[in-house]
Structures are given as structure tokens and as C-alpha cells.
Amino acid sequence: MKYIEVFDQDGLKAMKISEQEAPKNSDFEVKIAVYAVGVNRADILQRLGKYPVPEGVSPTLGLEVAGEIVAIGCQVQGFKKGDRVMALLAGGGYAQFTVVDYRLLMPIPKHLDYIQAAGIPEVFLTAYQTLFILGGVRPKEQVLIHAGASGVGTAAIQLAHVWGAQVSITAGSDEKVRFCEKLGADKAYNYKTQSWSALVWEDTEGKGIDVILDCVGGDYVEKNIDCAAFDGRIVLIGFMANARAQEINLAKILQKRIVLKGSTLRARSLAYKSDLINSFNRDFKAAWATKELKPIIDQVLPWELADQAHQRMKQNLNKGKIILTIS
Ligand SMILES: NC(=O)c1ccc[n+]([C@@H]2O[C@H](COP(=O)([O-])OP(=O)(O)OC[C@H]3O[C@@H](n4cnc5c(N)ncnc54)[C@H](OP(=O)(O)O)[C@@H]3O)[C@@H](O)[C@H]2O)c1
């Protein structure tokens, strides 16, 4: 089969389409003919050697795919050959075929095509895990989502909005701010031109934010603590600015009884991810059917242009997902 290989070229990590043997599915796995794969920040980090592949996982890039089941293990339940599925992967998506445990599959909602479906598993499950499982957001609570126009951000805005939370976001341009407002954000701040932490405090009339999704880190940590509510939950899922925070006033954490958590989905166990998918379906399956939730697609590119997709993402140009089609 064809897959995208990362290789050294003059000290840079280049990509090209190469050939390798197709993976074989085990008893609990299905083999998927991949038609579309979602691009994630993690792919760029992994390509640069900055995001180690968990043990036993395919070293090929790609954390979320959509395609058709072409082979099925004898222990697989609830799925059959020919089913249209989307899958949460720990790797192996930038390829014509991939294998995955059937408990990490979701049927593609009838009205969505493969391209749209490839923009769902990693970002919606990450956003769901962050806001609901780790953040415990309740209807009417205040939620703040950083990088609102990112793949994860666009999923998080919709989930929080559908849940009935009050949604605030930060983003790096007025265009992205308006985009997030259209998607359901009640308040949106351009972090390049506005002091979002102080404005959030004012706009919540001094009550602050109950659940914060932070993928930026650095000086956002202190600002998050400043604008968090009493019993606020701050969930760190990335550190695009900096993995280190210079100033943290621990007294504020105590006074406001703040909980600061971190998580990475990829390294979680099969049982955890499978439970996550089940609770996500329980809470939000209906919202796909009613079209309250939708994958936000920024660009669709053939996989020959994977590098162009990575460059666009690196330059922070995407609003929502970039999808590669696989032929
Ligand atoms: N822990 C987990 O389980 C997990 C899983 C999935 C994703 N993630 C993390 O979630 C984040 C979003 O992933 P994604 O694939 O959805 O990303 P994405 O679509 O590439 O969007 C990332 C956005 O973050 C903003 N950004 C970049 N550098 C920034 C900085 N220094 N300060 C503030 N904002 C910055 C940019 O938007 P602006 O133009 O608005 O600045 C950029 O477009 C990443 O950090 C990723 O690693 C974590």
C-alpha cells in the first residue's frame, strides 16, 4: 500500500508517498480503506521528532481517519465489512489502509461524507474529554476556550454551546474572532489586541470562568488563574506558547479552590478511549443528527500536498480542520 513516509532531507524532515506492506488486522481489529485523514498539530510535532509515538503504535502520522471497513477480526462486534466509519487512532492514518480496535470506531452519520467525518474523532473527542470528563462542565456554566478557531477549539465551542454553557474564546485575529462568534461563542477576544483575562473578568461581572480549555500554556496559566471562578477547573492539553509558566500565584489557586489538570488523549488506554467514545455518543449522538454539531473544514487537499497542509497549519492560517484525501 501507499503511505506517507517522513525522511531526512538536508537536515529537514521531508515527506513523500512511499510503499510498504499493508497492516493486518488482529481479532479485535478492523482494517479500514482510508479515504480521508484529518491533519492535527500533533502530526507536525511528530514529524519533527517532538512527539514520541506510544509503544506498539504505527510510526506513520495520522490520528483520525474516515473510510470503509474492508476486513474484520473474529471478535469484532457491531461493525461489518463495507461499513462507513471514522476512527480515533494513535497513529497510522496517513496511509491507504490502517487497522484499529473496533472499540475506537464510530459510524459516520448518514448526512456526512468521508471528508467531513475525518475531521471529527481526534478533535471532538479531545474537546469532549477536556470540557466534560476532566472539566465537568454543567449547563449555564462559563467556559473559556483558547485557540477558538483551531480544530479542537471549533469542536469545543460547538459542544459547550449545545450543552447550554456560556462560551468565551480567544483567537489571534479579528477574522477568527468573528468566525468563532458565528460558531456559537458568546464572547470572543483577540488576544493580540485585547487583555482577555481582565475583559473576561469584567464580562462575567466578577464571577469568572468555571472551565478553561488551555492549549497555549506559558503566561496564559497565570491569566487563566486570574480569570477563573471559585471552584474553577483549568485543563491544560497543550503548550503552543511555552511549556513553562514564569509566574503563578499559588495563593489564588488556594483562595479560589482552583483545580489545574493536564491530559493527553493519545497515550490513554484502550479502555479509557472506548469509554470516552461511548459517553460522547451518549451525550452528543443526537446533536449530529439534528446538525447542531458539524465538523468545520478549512481546506481539503490531496495527500500529495501534505506538506502544504502542514505549512498552512504551522502558520496558524487554518480555521477548523485541514483534511487530506487519500487515493
Ligand atoms: N492533549 C491532548 O490530548 C490533545 C489532543 C489534540 C490536540 N491537542 C492540542 O490542542 C491544540 C490545538 O490542536 P489543533 O490540531 O486543533 O490545532 P490547530 O488547528 O493547528 O490550531 C492551533 C491554533 O492555536 C493558535 N496558536 C498557535 N500558537 C499560539 C500561541 N503561541 N499563542 C496563542 N495561540 C496560539 C493559532 O491560532 P491563532 O491564530 O488564534 O493564534 C493556531 O491556529 C494543540 O496545542 C494540540 O497539541 C491536545
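How many salt bridges does the rule find across the interface of domain 1 and domain 2? The rule finds one there, a salt bridge being a side-chain nitrogen of Lys or Arg within 4 Å of a carboxyl oxygen of Asp or Glu.

The model is predicted: local features need pLDDT of at least 70, side-chain atom pairs count only at pLDDT 80 or more, and totals for chains, interfaces and linings use all residues. Residues are numbered from 1 along each chain as its sequence is written, and side-chain values use heavy atoms, with hydrogens and water left out.

**Domains.** The domain assignment gives domain 1 (2-120 + 295-325) and domain 2 (123-262); such bounds come from an automatic or database domain assignment. The C-alpha centres of the two domains lie 28 Å apart. In the interface, 14 residues of domain 1 are in contact with 13 residues of domain 2, contact meaning heavy atoms within 4.5 Å. About 1000 Å² is buried between the domains, and carbon and sulfur atoms give 65% of that area. Buried area is the accessible area (1.4 Å probe) that two parts lose on being put together, summed over both. Of the area that domain 1 buries against domain 2, Ile 120, Ile 296 and Lys 319 supply 48%, more than any other three residues.

**Salt bridges.** A search of the whole structure finds 14 salt bridges. Two of them are listed here.

| Pair | Closest N and O atoms |
|---|---|
| Lys 319 and Glu 175 | 2.8 Å apart |
| Arg 47 and Asp 307 | 2.7 Å apart |

Helices (H or I, at least four residues) are DSSP runs, numbered from the N terminus.

**Helix packing.** Helix H3 (residues 121-134) packs with helix H9 (residues 270-289) at an angle of about 95°, their axes 10 Å apart. Axes are lines fitted to C-alpha atoms over the stretch in contact, and angles run from 0 to 180 degrees between N-to-C directions. H3 and H9 are therefore roughly perpendicular, a label for angles of 65 to 115 degrees. Residues of this contact include Phe 124 and Tyr 128 of H3 and Phe 280 and Trp 288 of H9. By class, the contact has 12 nonpolar, two polar and two charged residues. Ala, Val, Leu, Ile, Met, Phe, Trp, Tyr, Cys and Pro count as nonpolar, Asp, Glu, Lys and Arg as charged, and the others, Gly among them, as polar.

Terms used: Helices (H or I, at least four residues) and strands (E, at least two) are DSSP runs, numbered from the N terminus. Angles under 35 degrees count as roughly parallel, over 145 as roughly antiparallel, 65 to 115 as roughly perpendicular and the rest as oblique.
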